[in-house]
Amino acid sequence: MKQTHIQYAIVDIETTGGYAAGSGITEIAILIHDGQQVVERFESLIDPQRPIPLSIQAMTGITDDMVAGSPTFGQLASRVYRLLDGRIFVAHNVNFDYSFIKHHLEVAGYSFAVPKLCTVRMSRKIKPGLPSYSLGRLCDVLGVPISNRHRAGGDADATAILFGWLLEWDVNGVIAEMLKKTSKHQQLPPNLAKEQFDALPHGAGVYYFRNKGGKVIYVGKARDIRNRVAQHFTGHNPNLQRQHFLRDIHSVTNQRCGTELMALLLEAVEIQRLWPVYNRALKRFEPKYALYAYEDGGGYLRLAIGKYGRLLQHIHVFHRQLDAINLLQQLIKEFDLHPKFCGFGTNDTELSPTVYNQRVQRALDHLAHHLPTFAIFDKGRDEDETGCIWVENGKFHGMGYISHHGDITSFEAVKEALTRYPSNHYMMQLIYSYAEKHPSKVWKPGQQSPQLCLVKITEI
């Protein structure tokens with residue numbers, strides 16, 4: 001379907017590396033296409049003002065000697081901008097070329113934003129089912145003539161022929177749909193099908209980006225899964241990790257959750273279970289403070305609050321120092337511990353180490369076996385269920401969903417119906433913080449029956 005009222009700028013570049021902020025452009029080709037044919041052509045070697053890696057020299061044939069004396073991108077920026085401004089930017093894997101051009105134009109002082117079309121995505125939609133959508137393989141399969149491979153001019157010529165054929169083959173308005181302002185086609189990574197994105201739900205949950213082999217490479221949580229996934233693809237950050245990340249995404253799956261808290265907990269569990277290559281923040285989350293016990297030179301067992309150390313044996317861990325102080329002061333009060341041996345005060349004690357240490361041991365035994373047990377009842381994934389998070393003796397026990405049409409008659413039955421998960425300090429901080437802010441959603445032993453909790457939560 002030819003669109004003669006639109007002009008396209010078909011672009012190909014060669015670079016010194018894979019990400020715009022740390023790499024230069026060594027060659028550029030821009031072909032202006034009016035929907036029927038190429039009507040203008042610009043091609044130039046570029047001095048990247050940095051060495052070209054030998055591996056890239058071997059692939060492209062562009063050497064340091066070849067670009068010596070060529071114009072810099074800054075010297076060409078005005079002409080490049082005039083050629084691209086007001087036209088639709090077309091490239092094979094468009095986000096790569098676009099991110100480089102946008103970054104280097106902005107370095108040269110030009111604000112740049114134009115619509116984009118990706119011939120990878122166009123080919124997937126218009127010619128589905130092909131074994132590969134790399135430019136070389138597409139040209140082989142479709143019979144597109146290509147020469148001077150891995151040079152900007154040769155690849156741009158092949159892309160222009162492919163683009164013209166795709167315009168002819170597009171009898172279902174695929175390209176027009178991609179160009180709609182509301183379309184996500186040009187934001188999505190080249191290997192992610194728009195149908196998968198469109199199938200994502202609006203609601204809390206966890207999403208999984210997977211590579212070509214189906215392996216999870218990133219886990220994220222969201223209050224709105226589809227909107228959060230879309231945010232990953234907005235903008236044109238030239239960072240190396242982002243470029244690799246987007247190219248690695250071939251599919252996305254998800255798990256719905258009743259609340260954002262449940263999504264946060266599931267995200268933490270899944271990151272620890274799957275160890276995705278692109279997750280960083282939660283992999284090494286550690287508490288900040290800990291309660292320690294040690295015996296002093298006089299034989300007294302002392303309790304102390306200190307910075308958390310992975311290699312130090314601790315009694316309990318905390319995110320906030322205040323929480324640690326409050327717990328220790330509670331133990332001092334309940335078990336008649338001496339403040340001097342807990343880091344508070346300097347008074348002496350007349351108790352022998354044997355007698356005093358028995359008090360400390362009772363306090364530690366109590367702490368080990370009497371940490372809080374409670375449940376949080378909250379929204380489910382739909383109106384026919386209630387979400388439940390269970391904490392047993394200060395540790396995250398599990399979570400899940402209780403049907404309003406079931407026959408749950410005891411809290412022990414609620415507990416057994418939940419999925420067990422590992423616990424860590426980060427999860428417990430999330431749970432404690434939420435419980436403190438929403439006391440009406442918290443059940444503790446001795447309170448009302450499960451049925452009343454389920455009814456109550458539907459009214460919150």
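1. **Charges over rings.** In this predicted model, Lys 127 sits over the face of Trp 169, at 4.5 Å from the ring centre. A second case involves arginine: Arg 381 lies over the face of Tyr 401. There the distance from the ring centre is 3.9 Å.

2. **Aromatic pairs.** The structure contains 20 aromatic pairs. One of them joins Phe 89 and Tyr 98. The geometry is edge-to-face, with 80° between the planes and 5.2 Å centre to centre. Phe 89 and Tyr 98 are both buried.

3. **A pair across the sequence.** Tyr 300 and Tyr 356 also form an edge-to-face pair. Their centres are 6.1 Å apart, and the planes stand at 65°. Which parts does this pair tie together? Tyr 300 lies in the loop between strand S9 (289–295) and strand S10 (301–307), while Tyr 356 belongs to helix H14 (residues 353–369), so the pair ties together parts that are 56 residues apart in sequence.

4. **Burial of that pair.** Are Tyr 300 and Tyr 356 buried or exposed? Tyr 300 has 14% relative accessibility, so it counts as buried, the cut-off being under 20%. Tyr 356 has 1% relative accessibility and therefore counts as buried.

5. **Ring cluster.** Ring pairs also build a cluster. Its members are Tyr 207, Phe 209, Tyr 218, Phe 233, Phe 245 and Tyr 278.

6. **Helix packing.** Helix H13 (residues 321–335) packs against H14. The axes are 10 Å apart, and the angle is about 125°.

7. **Residues at the helix contact.** Which residues make the contact between H13 and H14? H13 contributes Leu 327, Leu 331, Glu 334 and Phe 335. H14 contributes Arg 359, Arg 362, Ala 363, His 366 and Leu 367.

8. **Ser 78.** Ser 78 is located in helix H3 (residues 73–84). Its relative accessibility is 28%, so Ser 78 counts as partly exposed. How far is the C-alpha atom of Ser 78 from that of Gly 109? The two C-alpha atoms are separated by 9.6 Å, with the residues 31 apart along the chain.

Notes: Residues numbered from 1 in each chain as written. Predicted model: local features only at pLDDT ≥ 70, side-chain atom pairs only at ≥ 80, totals over all residues. Heavy atoms only, no water. Phe/Tyr/Trp six-rings, centres within 6.5 Å; stacked < 30°, edge-to-face > 60°. Buried < 20%, exposed > 50% of the residue type's maximum accessible area, 1.4 Å probe, protein only. Helix = DSSP H or I, 4+ residues; strand = E, 2+ residues; numbered from the N terminus. Lys NZ or Arg CZ within 6 Å of the ring centre and 35° of its normal. Axes fitted to C-alpha atoms, helices over the stretch in contact; angles between N-to-C directions. Contact = heavy atoms within 4.5 Å.
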